[in-house]
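Here is a short briefing for a first look at a protein chain. Please keep the sequence and the 3D view open while reading.

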Amino acid sequence: MRRAGLCLMLSACFASAAGAEERVTIRQLEQSHGSYHLHSVTIAGIVQAVQLSPPTPSPSEHCRELYGIAEFTLVDDTGSLPVEILGTCNPDERTLLQDGDVIEVTAQVQFFNLNGGGGPALRAIAQNIPVLKVGD
């Protein structure tokens, strides 16, 4: 019972902290030329192309396996963005998304250069993902 209360309290803290992040569109990120690199932002959109990974051995000695590792594409009215979920040690805390879910993800933005001169690539590492509407 205490553990459930602690999880709810931590979730509330993360949710209120997420509200302090700058809200942006995918187009704003793409046009920023890297000024958001390693910054946390909040983006709303629709989940597409969810790819879930099975439990994976963890490199940490404090955690045997990581659960909930996933990749998906977030789509808003201005573009699309690849998003990664790094997973959690606790299978009960993983975020289970499905195509069509409407979410508001707080994520760390990462810009990197692709080999071959394709220009800068952009991705987001999810930190918090409230589901606003479950997909049909």
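The points below go from the whole chain to single residues.

This is a predicted model, in which local features need pLDDT of at least 70, side-chain atom pairs count only at pLDDT 80 or more, and totals for chains, interfaces and linings use all residues. Residues are numbered from 1 along each chain as its sequence is written, and side-chain values use heavy atoms, with hydrogens and water left out.

**Overall picture**

- The chain has 2 helices and 9 strands. Helices (H or I, at least four residues) and strands (E, at least two) are DSSP runs, numbered from the N terminus.
- Read from the N terminus, the order of elements is α-β-α-β-β-β-β-β-β-β-β.
- Of the chain's 136 residues, 32% count as buried. Buried means under 20% relative accessible area, exposed means over 50%, and partly exposed lies in between (1.4 Å probe, protein chains only).
- The accessible surface of the chain is about 8700 Å², and 53% of that belongs to carbon and sulfur atoms. Accessible areas come from the Shrake-Rupley method with a 1.4 Å probe; for residues, only the protein chains shown count as cover.
- Take contacts between residues at least 6 apart in sequence: 57% of them join residues at least 24 apart. Contact means heavy atoms within 4.5 Å.

**Confidence**

- The average pLDDT of the chain is 82, and 80% of the residues score at least 70. The pLDDT is the predictor's confidence in each residue, from 0 to 100.
- Residues 1–19 have pLDDT below 50, and this stretch has 7 contacts in the model beyond near neighbours in sequence.
- Where pLDDT is low, the predicted coordinates should not be read in detail.

**Strands E5 and E6**

- Strand E5 (residues 70–76) pairs with E6 in the antiparallel sense, over 7 bridges. Two strands pair if DSSP finds at least two bridges between them.
- A hairpin through 2 residues joins E5 to E6.
- Phe72 has Val83 in E6 as its bridge partner.
- In a regular strand the side chains alternate between the two faces of the sheet.
- Strand E6 (residues 79–85) alternates in this way: Gly79, Leu81, Val83 and Ile85 point to one face and are buried.

**The nonpolar core**

- The largest nonpolar core has 23 residues. Such a core is a set of buried Ala, Val, Leu, Ile, Met, Phe, Trp, Tyr and Cys residues joined through side-chain atoms within 4.5 Å.
- Leu29, Ile43, Phe72, Leu81, Ile103, Val105 and Ile129 have the most contacts inside this core.
- Helix H2 (26–31), strand E2 (40–52), E5, E6, E7 and strand E8 (120–128) each supply at least two of its residues. The largest share, 5 residues, comes from E7.
- Leu81 lies in strand E6. Leu81 counts as buried because its relative accessible area is 1%.
- Beyond residues up to four places away in sequence, Leu81 touches, among others, Ile26, Leu29, Ile43, Phe72 and Leu122.
- Leu81 and Leu122 are 41 residues apart in sequence, and their C-alpha atoms are 7.3 Å apart.
- Ile129 has contacts that include Phe72, Ile85, Leu97, Ile103 and Val105, not counting residues up to four places away in sequence.

**Polar contacts**

- Arg123 sits in strand E8. Arg123 counts as partly exposed because its relative accessibility is 28%.
- The side chain of Arg123 makes a polar contact of 3.0 Å with that of Glu84, and another of 2.8 Å with that of Gln110. A polar contact is a pair of N or O atoms within 3.5 Å; within protein, one must be able to donate a hydrogen and the other to accept it, and residues adjacent in sequence count only if both atoms are side-chain atoms.
- Asn90 lies in the loop between E6 and strand E7 (102–113). With 13% relative accessibility, Asn90 counts as buried.
- The side chain of Asn90 reaches the backbone nitrogen of Asp92 at 2.9 Å.

**Positive phi angles**

- Most residues other than glycine have a negative phi.
- Leu38 has a positive phi, near 65 degrees. Leu38 is in the loop between H2 and E2.
- Ala49 has a positive phi of about 55 degrees. Ala49 lies in strand E2.
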